[in-house]
Structure formats: structure tokens, C-alpha cells
Amino acid sequence: MMWEHENGILSSRGKPNPVCMAAITTGQWDIMMWGSYTNDRPEYYFGWIDFCLKYNPKMEFYVFNGWPQWADGFGEGERRPRIENYRARASKTNQSVTKKIAGIDKHYPGKVHVLPTNEAMLAALELYFQGKLPTIKGLNKKVDGKVPCIWSDGGHLDAPLAWLEGYVFYATIYKRSPALIKLPGKHPTLSNELDQVFRK
């Protein structure tokens, strides 16, 4: 979608808006990241990668591998979500993203890496079901009516979980533990106790 928007094709109806592409031409970008979506294909990434490498041959690329969604916790006929179902979905997602990354890697060996958000979210869900995820009061804010939750709706993360996602990005890109980050004071959406769990 972003490629179409920037180049003015298909859904953008011939009106280019090259904001990211214009910035990339400076050669000052070191990293490009993408989310991973249903029915994604390796070739969707090739245009971006070719364009980026033209202006910065040392550029590295990262794809975050999503996370289970709230509905993935329910098996057929089940009325309550179960961790076993989330594990199964996370495993399936990991396999599909690994296959996609392998397809990209054939064209750009060693340039594309995985941001393991899927594994981090599953680890958080494991702790939640064990009653060991401090201050998180429910799974789905819209369904449970509690704050904070894992998801703000069926798929988007609630505010505290965005910190976990950020720590995954930091650890993967910089190869440093998030435990070493010094944050200025408290953050309204994240308790110190939960912050320590996420960093770990």
C-alpha cells in the first residue's frame, strides 16, 4: 500500500506522494522496517529494497512477524480463549513469515532480518495466563471492559504492549539488552513492575 501511495499507482489513482522515497534518496537511512500481513508475498518487498540499496548499499531490512490476535485464542465451539490456541497460531505465523523471509533472502542474502514480535507477544500471553503479567487486567479492552489489556480491540495492542514491541525492535537492531535503557521518570501507561518484565 505504501509503495502504491508513494508511486501513485492503483489505489493512489495516479497521484504520487513520494515522502519516504524522497527521504531515502538522501542516503541517510540505515534501516527499513515493515509489518507482515496476511497474503504478503516476497515480491512486495523487492521494489523498496532495490530503491533503498540504490541510495545506501549498506542499508539493512527488518520485518516484524506480527502477533496472535484475540480471536486466535478460541478453538471451535470454545467460549473462552486458551493459551494452547495462541501457541498454535504463533507457531503457524512463525512458519509463514520464516518462509516469506527465506524467499526475500534468496534475492538479497543476509540483508533481511526478523523482528520477533510474535515470540515476544506469545511470551507475554504465557505470563498473562499464569497470572504473572503485572497490572494487565484482561485480554481485549472492548470485550473485557478493563484497562489495561493485551489488545485494545481484536488485534491492535493496548498502550503498555507497545513498549514491549519497542523493546523487541531495540534489542534486535542494536543487539543490546533493553534493561540497559534509562527512561526519564514514569510513563502513564506503563508501571515500573511491568516495564521490568517487558525489558527482560
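The following is a dialogue about a predicted model of a protein chain.

Visitor: What makes up the secondary structure of the protein chain?
Guide: The protein chain has eight helices and five strands. Read along the sequence, they follow the pattern α-α-β-α-β-α-β-α-β-α-β-α-α.

Visitor: What are the overall dimensions, and how much of the protein chain is buried?
Guide: The C-alpha trace spans about 50 × 45 × 35 Å along its principal axes. Of the 200 residues, 40% count as buried, the cut-off being under 20% relative accessible area. The accessible surface comes to about 11900 Å², and 55% of that belongs to carbon and sulfur atoms.

Visitor: What share of the contacts joins residues at least 24 apart?
Guide: The share is 60%, counted among contacts between residues at least 6 apart in sequence.

Visitor: How far apart are the mean positions of the positive and negative charges?
Guide: They are 3 Å apart, for 26 positive and 20 negative charges.

Visitor: Why is L122 called buried?
Guide: The relative accessible area of L122 is 17%. Buried means under 20%, so L122 is buried. L122 is found in helix α5. Leaving aside neighbours within four places in sequence, L122 is in contact with I83, Y86, R87 and A90. L122 and W67 are 55 residues apart in sequence, and their C-alpha atoms are 7.3 Å apart in space.

Visitor: Why is K141 called partly exposed?
Guide: K141 has 29% relative accessibility. Buried would need a value under 20% and exposed a value over 50%; 29% lies in between, so K141 counts as partly exposed. K141 lies in helix α6 and, neighbours within four places in sequence aside, is in contact with K146, V147, C149, W151, S152 and D158.

Visitor: What is the expected span of helix α4, and how does its reach compare?
Guide: Helix α4, residues 83-105, has 23 residues.

Visitor: Which residues of α4 are buried, and what covers them?
Guide: They are I83, N85, Y86, A90, T93, V97, K100, I101, G103 and I104. The cover includes α3 (43-55), β2 (60-64), β3 (112-115), α5 (117-129), β4 (138-140) and β5 (149-151).

Visitor: How does the reach of α5 compare with its expected span?
Guide: α5 has 13 residues and reaches 18 Å, close to the 18 Å expected at 1.5 Å a residue. Its buried residues are T117, N118, A120, M121, L122, A124, L125 and E126. Among the elements covering them are β2, α4, β3, β4, β5 and α7. After α5 comes G131, with a positive phi near 75 degrees.

Visitor: Which residues touch the most other members of the largest nonpolar core?
Guide: I150, W151, L161 and F198 do, in a core of 27 residues. β2, α4, α5, β5, α7 (159-174) and α8 (192-199) each supply at least two residues of this core. The largest share, six residues, comes from α7. A second, separate core has 18 residues, including I24, F61, V63 and Y108.

Visitor: What makes the phi of T135 worth noting?
Guide: Most residues other than glycine have a negative phi. T135 is not a glycine, yet its phi is positive, about 70 degrees. T135 lies in the loop between α5 and β4. With a relative accessible area of 36%, T135 is partly exposed.

Visitor: Why does K175 count as exposed?
Guide: The relative accessibility of K175 is 64%. Exposed means over 50%, so K175 counts as exposed. K175 is found in the loop between α7 and α8, and its phi is also positive, near 55 degrees.

Visitor: How do you know that the peptide bond from V147 to P148 is cis?
Guide: Its omega is near -5 degrees, and the bond is cis. Most peptide bonds are trans. P148 lies in the loop between α6 (141-144) and β5.

Methods: Residues are numbered from 1 along each chain as its sequence is written. This is a predicted model: local features need pLDDT of at least 70, side-chain atom pairs count only at pLDDT 80 or more; totals for chains, interfaces and linings use all residues. Side-chain values use heavy atoms; hydrogens and water are left out. Helices (H or I, at least four residues) and strands (E, at least two) are DSSP runs, numbered from the N terminus. Buried means under 20% relative accessible area, exposed over 50%, partly exposed in between (1.4 Å probe, protein chains only). Contact means heavy atoms within 4.5 Å. Accessible areas come from the Shrake-Rupley method with a 1.4 Å probe; for residues, only the protein chains shown count as cover. Lys and Arg count as positive and Asp and Glu as negative; His and the chain ends are not counted. The place of a charge is taken as NZ of Lys, CZ of Arg, CG of Asp or CD of Glu. The expected span of a helix is 1.5 Å times one less than its number of residues. A nonpolar core is a set of buried Ala, Val, Leu, Ile, Met, Phe, Trp, Tyr and Cys residues joined through side-chain atoms within 4.5 Å.
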